[in-house]
Structures are given as structure tokens and as C-alpha cells.
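Hi,

Here is the structure I promised to pass on. Could you take a look, and then read my notes below?

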Amino acid sequence: MSESKPEPGEKPKSPLKPQSGDNRRGAIAGLIIAAVILGVGLWLARDLTAASKMQDCLMSGRTNCNVIEPAR
């Protein structure tokens, strides 16, 4: 039994494609990495905003720049 060779001008048959599980795993990993980067970015922005407000207060010559939180 001989293997059939493709005719001239005909594309050879390609092997079976792998399962799409690898693609999903990569997409989920990318989504998790993006969420972590977003969380770190938000935390950093909040922290830098607080530091900027404190610096603005100190640069204006005030001495009582500590944040006072109301009692609950």
C-alpha cells in the first residue's frame, strides 16, 4: 500500500492541529498578569497621590500636615 503523493499544484495534507487548551492557558495567564499589573498601578497611583498631597502641604509652610481620620 503506497502513500498517495499530492498532485503538482496541490497542497500536501497538514498534520492535525493541537488542542486549543494551550491557547486558553496562555490567554488566562495573560489576563492574570494584566490584572496584577493593573492592581499594582492603581496602588502606586494612590500612594503617589497621597505623597504629593503631603508634599504640597509641607511646601506651603504648614506644620500640621498629618491626615486626621474621624472616629467611627
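The protein chain exposes about 7600 Å², and carbon and sulfur atoms supply 61% of that area (Shrake-Rupley method, 1.4 Å probe; for residues, only the protein chains shown count as cover). Before you dig in: this is a predicted model, where local features need pLDDT of at least 70 and side-chain atom pairs count only at pLDDT 80 or more, while totals for chains, interfaces and linings use all residues. Residues are numbered from 1 along each chain as its sequence is written, and side-chain values use heavy atoms, with hydrogens and water left out.

Buried residues make up 3% of the 72 in the protein chain (buried is under 20% relative accessible area, exposed over 50%, partly exposed in between; 1.4 Å probe, protein chains only). As for secondary structure, the chain has 1 helix and 0 strands (DSSP runs, H or I of at least four residues for helices, E of at least two for strands, numbered from the N terminus).

That helix, H1, spans residues 21–59 and contains Trp43, which is partly exposed at 47%. Trp43 also belongs to a nonpolar surface patch with Ile28, Ile32, Val36, Val40, Leu44 and Leu48, with about 700 Å² of accessible area together. Patch members have over 30% relative accessible area and no salt bridge; nonpolar side chains (Val, Leu, Ile, Met, Phe, Trp, Tyr) are joined within 5 Å, like charges within 9 Å. A salt bridge here is a Lys or Arg side-chain nitrogen within 4 Å of an Asp or Glu carboxyl oxygen.

Now the cysteines. There is 1 disulfide (two cysteine sulfur atoms within 2.5 Å), and it links Cys57 with Cys65 at an S to S distance of 2.0 Å. The torsion about their S-S bond is about -85°, so the disulfide is left-handed. Cys57 is buried at 13%, and Cys65 is buried at 10%.

Lastly, Ser60 sits in the segment after H1 and is partly exposed at 48%. A polar atom of the Ser60 side chain lies 2.7 Å from the backbone oxygen of Cys57.

Cheers

How values were computed. Polar contact = N/O pair within 3.5 Å; in protein donor to acceptor, adjacent residues only side chain to side chain.
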